[in-house]
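Here is a short report on one chain's fold and on one interface between two chains. Have the sequence and coordinates open while reading.

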Amino acid sequence: MNGQYASLLIALPLISAFFVPLIKELGRKAVMGYLVMITALQTAIAGWVANEVYSTGKPIIVIAGGWKPPVGINLYIGHFAALFVLIIAVISFFMAIFSFRAVNVEPVDKYAMLFLLLMLGATGMIATGDIFNLFVFMEITAISAYALTAYNKTGEAAEASMKYIVLGGIGSSFFLIGVALIYGATGTLNMAHLAQLAGAIDPTVAQVGLALIIFGLAVEAELFPLNAWAPDAYQAAPHPITVMFSAFVVKAGLYAIGRLLYLFQGAEGWSGLLRLLVILATLTVIVAELSALRQKDAKRMIAYSSIGQVGMIAFALALGTQAGVSAGVFHMVNHAIVKALLFLTVGYVGVALGGTAIENFQGLGKRMPLTALTITIGSLATVGIPLFNIFWSKIRILLAGVEAGYSWSVALILGASVVEAVYYFRLVHTMWFVEGGGRIRENFAIGVIAIFLAALIIVIGVYPNDVWTIVQKAGQDLFNVANYIKNVPLMGVGA
Amino acid sequence: MNVPDISIYYFGAIALVLIGLYAALVKKNLLKILIGLSIMETGVNLLLISIGYVSGKSAPILSEGVGPTQAVDPIPQALVLTAIVIGVATTAMALSAVVLIYEKYRTLNVEEIRRLRG
Amino acid sequence: MNELLIIIFAPLLGGVLAWALNVRGIRELLGVAGAAVPLAYLVKLYSELDASGQLSHSIDFAGFTFSFSLTHLTWVFAMIAGVVGLASTIAMVSTSRDGYEWLFALMSLTGAYGVFLSFDLLGFFIFWELMTVGSFMMVLKYSRSAGLKYFVLSVVGAFAMFLAIAKIYALSGSFAFPDVANAVYYAMGRGDLALVFGLFLVAFGVKAGMFPLHVWAPDAYSETNQSYTAMFSGVLSKTGVYGFILIYMLIGYRLMVEFGAFRSAPKFGYIIAFLGGLTIIVGGLLAALQEDIRKLFAYSSISQIGYILVAFGVGTSLSIEAGIYHAISHALFKGLFFLIVATIIYRTGKTTFADMGGLAEKMPFTFAMAFVAILSLAGIPPMAGFVSKWLIFEAVISQNLPILGGMVFFGSAIGFVYLIRFTYAVWFGQRPTDLDDTKDAPLPLAVAMAILAIPNIVFGIAPGLVVKELNKIFGGEIVTSPTLWELNLGFGRYNGLLILVWLIVGLLIAAVIYFLGAPVRKVPVTDTYQSGNPVTMEYNLTIRRNFFLPLKEALAFWLRISFDKLYRDIGAWVEDFAEVMRNYVYNGNVQSYAWYLALILLILAMWGV
Amino acid sequence: MIETALKALFILLYATFVGFMFMGIIRIVTARIHRRVGPPIYQPILDTIKLLSKKSNITHGLIYDFGILYAVGATILAVMFIPLGSIGVLRAYGDLILITFLLEIPMLGIMFAAMSSGNPYAGIGAQRALLTLLAIQVPLGFAIVALAEFYGTFSTYEIVMAQQTMGWSIFHFPLLLAAIAYDLVLQAMFGKEPFDIMIAPGEISLGPMVEFGGKHMGLLQIQHAIALFAETLFFANIFLGGGVVTAFSSSILNTIAGLAVLLVKQVAVLLIATFMGAIFPRFTIDQAAKFYWKWPTIIAALGAVLASL
């Protein structure tokens, strides 16, 4: 099959999103079924693409309208993008199923549309090879995220959405300024081309431009202190959407940071920017974990924990070493799985028991044993217990951190991890060893998803070899810019 | 100081961005903050346009007497068009959120809209 | 599959199956099998090990190379885990009621095996974590606060270790012990070296229960299944002890070269030894003041580990051998003690001294076991506990380290003190009437106790058995052992058999005199001298609380200093700080958040221009 | 084998007899200090015989009996390890640490027996005895450490031999300090005032001993006699040069002379303890602990540190 079919990854959700109003009349079930179908289809395509990329070892470059880059806009589906597009599709598929149970507020058709657009935006951010296109996809993601945050139509939801909009708006404005500066200096928007020219840009412009772009993305990637919207949005959004936020929306932002950072490797002042990012990432971890310590709402607690983990990924990406990037990508994968599981199960508890306050978790081990067990697995994994997947990526990140000379940072992150362990184990204790109410029947489909994710956590934890090989390739894709440039067929304009 | 004449657009654009930022940082009324955001976006768009502007050239529309060499850089203009659309969408989203907030909170003062915190 | 891997993973497998099936009977069978299989393999591998000196195995996993190695040293420690682990799991057949406990108890046993057999730092760390988690889960089930205290301190220790490992890895690019030792010796700077040492000290100190990092132990040891505590204290704390040997193996030479020696002990070792000495004293004194039977032995465990640390700190081959010997005997007698405690709690359901008394008549077998354990812990010849303590005394004092010598002497007296307290309050005196129909130990517990009691006696009378193995670790005659019964250090000799024989002679002489006298008539506890008061069972005849009140008064000043409280304060402070910070930073006002953005922009501007 | 048995028998009889004489001496000397006449020196023997020949004995159980036997057996064991002049059955194994431990463990047997009676006085007595033990252990430990470090060996016999060439231990300053501390410790080991807190006649009715009577008490008297002998002998050996006489050509004469020398030294130790005991009133237990943890500890520690230099 022709690699150009990979453009379906973008096209499918976009087109199907516009068809949602047509089937609205058929009722809620139909819309949700449609959603499940489309995401399943997307998963199939993404699986095919990933298989293609990993079996040939070559990235798929989709060139729009036959215009070769840098004039035309291209999609670059390398090892990283292939992997993450698949993750996005799979998580979306699961969440589409979860939405059946979790989303009862009308209008569902709008929900389905926005859902697909969110998936589209994240996919696009990861797949695109053009910096402005990146901005567009980022805005698509962001706007659908704003809308979905407010979807529950409560005051809190609106408030969270508003915060997200204000901060996201400022961030994207500055991102655009950065793009403008870079474009002004190089005259190109193609990433591969930019990377070629990076060394030659006026240092001040490169520095300021890159800094502003990173700043804009950092809002999306939840770096402290630009992440203040995140806990609110996570808490107020419908449960499936929270999963998506945590599992891939923020990852897309992180990916963009990583990609652009390494594209501009040649630029002056690059290492200074890295150091700043390391500081911010470390702060993110610490502040987030401390904030989670005394939360009374489990969902918010896990939201903070998610931010902390994201900080760790950012730390890994900002180390500037191959080991760090690979470890960061590994952590991205693991975190996507674990947080998907946690938000899914916690959200399910919220749906079943009417809220996610910690009191609702009392005696959950007896009330909803399967859910409690999977939450426990997710918690243990997040804390970084051996034989769970996050352990491997976490030690890799920290080893890479020390290797890169950031021992103090690693020490602080480890300290924050202690805090993390404390609040997770409090939750585990509450679930299993505090008396609670009577038994509740658990939903079959959600149980299957949760077990699947939990099994994935343990399988990767017990046998990480294969996944590690995959993420290593993805990490190289991100880190090795020379390869990236080589793979994009630039038209005529050599270095 | 040799200031190229294009600079005035840059300064204008940056000034707009800063004004917008000022509004977002200082004004307590949610609507004013959103207006600030809009101003900021306008500033950014202006900046984009001015980067592609070449003094004395015409709009990049292929027509009689306007060849590729006579036109300004078309790409920023395309970008700005996109950015404006995005800005409109954002603003619309924001305003609908504000409507909802006002319904629920009966105020637009940002200092009172803080149910989610800590 | 490689035998070493079987040794390591058999318990975990058994535990997972026991948990998953969770059928009464099968569960117990699987659990005990999980603990027995490694022991069988260890015994089987002994001859092979003797022939080759080292059995190694390595696998590539998750992009790392993990190597495992069975040496004479690790064999000894693994045997501790094997024997005590087996006894502990057999005892759990009686005291454990659900699959949860089997899973995590055996998981921690796997961790301990892994720690001992790992021959690279990463594997060591991973199994260390596994062990910590398993034991933590065992505690968490019983008490949240004890569990979290244990976990937080353990994790702080583990992370300290991890940082040290990462530092070393950044230097050497490898985790394997030989590479690490090389890299540290040739390439590590003075500052880093001190840092790594400090981090290791914290890491292993926590697990071993070294003062002032011991505060988790009393709570954690007491707030769990007491059968499991036998393993907890007997095996898991030994991993910390083993860690101190690792310090010698990996960075010891370099530390010695870099920082020199104090007297004949290396300076870094003297730090360990001195903290060990404080551990003996603090642990022992606090043990004497406990009112809960479990806590008494928890503190006692801390105190005894102090001996091992003192021995290791002195740093001669003799002293390290003595330390390992004490590790063995500590595992044996402390494991035995906790099984006794388990039996008592199992049969009476009580844990405080105030509720007990006079049980010797009702539980004669258990009391006999307790008698062995008491003699061994108190260091009465000819018991294993005496031999190891004696070796430590000789090793420490012969190195001209008087202060440490005084500390270990004090420790032996304090051992007497708290043991008599235990004996008096539990076994003797007036029995509360509700304990009148207490039964003796159930069969699994009895078997488990016997497994641990026998070596306590054998290793005391025939210390040559142990010393022969320990000498192999060092590849020389550190302690000569002309016969099985005798030890000779050159400046001191010990003969277990002679002591036994002459003790029997003495007992016979006494018995002869005794039996020459008129026969005895048994009288009840109420028929004693009470200053002329008539006494019935209504009266309380036993000192049930505050047995050592004068000691408490004499130590009043020192008892006010509590590291436990200090750590709790730090914890509370962190939580409060977190709360305040959270409320200030995430104050809910979007405008403040916008200011954060502006602030970062400002920083970027200052950094950029 | 037979020679060993004979030696052992001799040591046992000699120790028991001399020990009883010491008990008599203590009583006489104390009486004279109090301006009383006091009992005849063999009075303790008479007492013991009387106790042993009682027609009616009571027991509180197996441990009650076994504890006593254990105490006597362990004391016998201890005395075998201490060099007695040139006689010694197990002196080759007479390790300082071992003997120190062996001298302490009879108390364990007594405690077991006493506590198994369930008498509250016994409980208090046991508590006091243990705290006293705890108190004396620090200076005792330092004194032993000082000895071992000074001579570089743990063998009591070798220490005795070394003193024949180097002079008595107490003539070396570090060991003099150790000896002073050890002598203060002996006071408590003997159970003499001001450290007779554990027995405290008239206060807690002899504490651990309160329940014993008949043959149990008789056995304890024997144990006490042997222990008294062993403790003084140990002190004389390690600090006062022991009893090695080589002046005569006949080894039997040498042995007898050695025993005589030792006896003099033992009596001297005993008398010091008796004098002290006679003039001091009893401490409370915490006073005793604080005392021992202060001066004797400082003195002994100083001795140990000096000896190790």
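## Fold of chain A

Chain A holds 20 helices and two strands. Helices are DSSP runs of H or I with at least four residues, strands are E runs of at least two, and both are numbered from the N terminus. The radius of gyration is 21 Å, close to the 23 Å that the globule rule gives for 495 residues, so chain A is as compact as a globular protein of that length. The radius is taken over C-alpha atoms, and the rule is 2.2 Å times the number of residues to the power 0.38.

This is a predicted model: local features need pLDDT of at least 70, side-chain atom pairs count only at pLDDT 80 or more, and totals for chains, interfaces and linings use all residues. Residues are numbered from 1 along each chain as its sequence is written, while chains are lettered from A and ligands numbered from 1 in the order written.

The C-alpha atoms fill a box of roughly 70 × 55 × 45 Å along the principal axes. Of the 495 residues, 71% count as buried (20 or more other C-beta atoms within 10 Å of the residue's own, C-beta atoms being placed from the backbone).

## Where chains C and D meet

Chain D gives 71 residues to the contact and chain C gives 63. Two residues are in contact if their C-beta atoms, placed from the backbone, lie within 7 Å. On the chain D side, α5(D) supplies the largest share, 18 residues.

Strand β7 of chain C (residues 520–522) runs parallel to β1(D), joined by three bridges. Strands pair if DSSP finds at least two bridges between them. C:Val520 stands opposite D:Asn57 in β1(D).

Note on methods: Buried ≥ 20, exposed ≤ 12 C-beta atoms within 10 Å, placed from the backbone.
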